[in-house]
Amino acid sequence: MKINKGEVTVQSFHYDVEAPTADTKTDLNINIEHPNLKGEDGQPLNEDEGKILQVVVPFEIHMENAPFKVSGLIGQVVQPVGFHGEIQDLDAKQVQQLSRPVVEYIETLTYQVTSVTLNHGVSLNFTNHAEIKPNEEVEELRAKEAKNQDKK
C-alpha cells in the first residue's frame, strides 16, 4: 500500500526514573481516526487520492529491570492511496503499516534519551510481528454496523 505521510508529531514524551523492581508495563495503543482537517482556505482537505487518517499512539513503557519508564503521545497524519473505506475496514497488516513510522519514532526517541541519561542506549523492539488489535472505538463501530446490517 502506498501511503502519503505527514510529519511525525510529538505531543508529549516523558522519561522518568523508575525503580527497576517496579511493575513491567508495555502499553502501546494504536488509534486511527478520521480527523476533520481543513486547508488554509478553511475547506476540507482533498481526499481524492485516499482517505486522510490520523495515527495517534499513546504509550507507557517500563521494561523489566529498567531504571526508567517512558510515556507520551505521538502521532502522524497519513493518506493511504486508493483507500476510501471506513477505518474498521483496515486489516491488521494495514494498521501495522500505517502505524509503524510512529512506533519507530518511539523506539528512536527512547534510544536517544537513554543514551544520554544512562550512557548507553536502550532499544525497545516492537517487532513487525506483534499482534495488533483494533481499539475499542473500532470494535464498537463494527458492532453498531453489524446491528444496522441485521435490521435491514
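1. E86 has a relative accessibility of 39% and therefore counts as partly exposed, where buried means under 20% relative accessible area, exposed over 50% and partly exposed in between, with a 1.4 Å probe and protein chains only. This residue forms a salt bridge with K51, the closest N and O atoms being 3.6 Å apart; a salt bridge here is a side-chain nitrogen of Lys or Arg within 4 Å of a carboxyl oxygen of Asp or Glu. The pair links distant parts of the chain, since K51 sits in the loop between β3 (31–33) and β4 and E86 in the loop between β5 (68–80) and α1, 35 residues apart. K51, at 12% relative accessibility, counts as buried.

2. The model is a predicted one, in which local features need pLDDT of at least 70 and side-chain atom pairs count only at pLDDT 80 or more, while totals for chains, interfaces and linings use all residues. Residues are numbered from 1 along each chain as its sequence is written, and side-chain values use heavy atoms, with hydrogens and water left out.

3. The protein has 2 helices and 5 strands, and from the N terminus on its elements run β-β-β-β-β-α-α; helices (H or I, at least four residues) and strands (E, at least two) are DSSP runs, numbered from the N terminus. Of the contacts with a separation of 6 or more, 73% are between residues 24 or more positions apart, contact meaning heavy atoms within 4.5 Å.

4. The structure holds 6 salt bridges. In one of them the side chains of E60 and K25 meet at 3.7 Å, N to O, and this pair too links distant parts of the chain, with E60 in strand β4 (residues 53–62) and K25 in strand β2 (residues 25–28), 35 residues apart. E60 counts as partly exposed at 27% relative accessibility, and K25 counts as partly exposed at 32%.

5. R100 forms a salt bridge with E107, the closest N and O atoms lying 3.2 Å apart. R100 counts as buried because its relative accessibility is 19%, and E107 counts as buried at 12%. Elsewhere, salt bridges that share partners join E18, K25, E60 and K69 into one network.

6. S99 is found in helix α1 (residues 92–117) and, with a relative accessibility of 1%, counts as buried. Leaving aside its neighbours within four places in sequence, S99 is in contact with I30 and V55. For the protein as a whole, buried residues make up 33% of the 152 residues.
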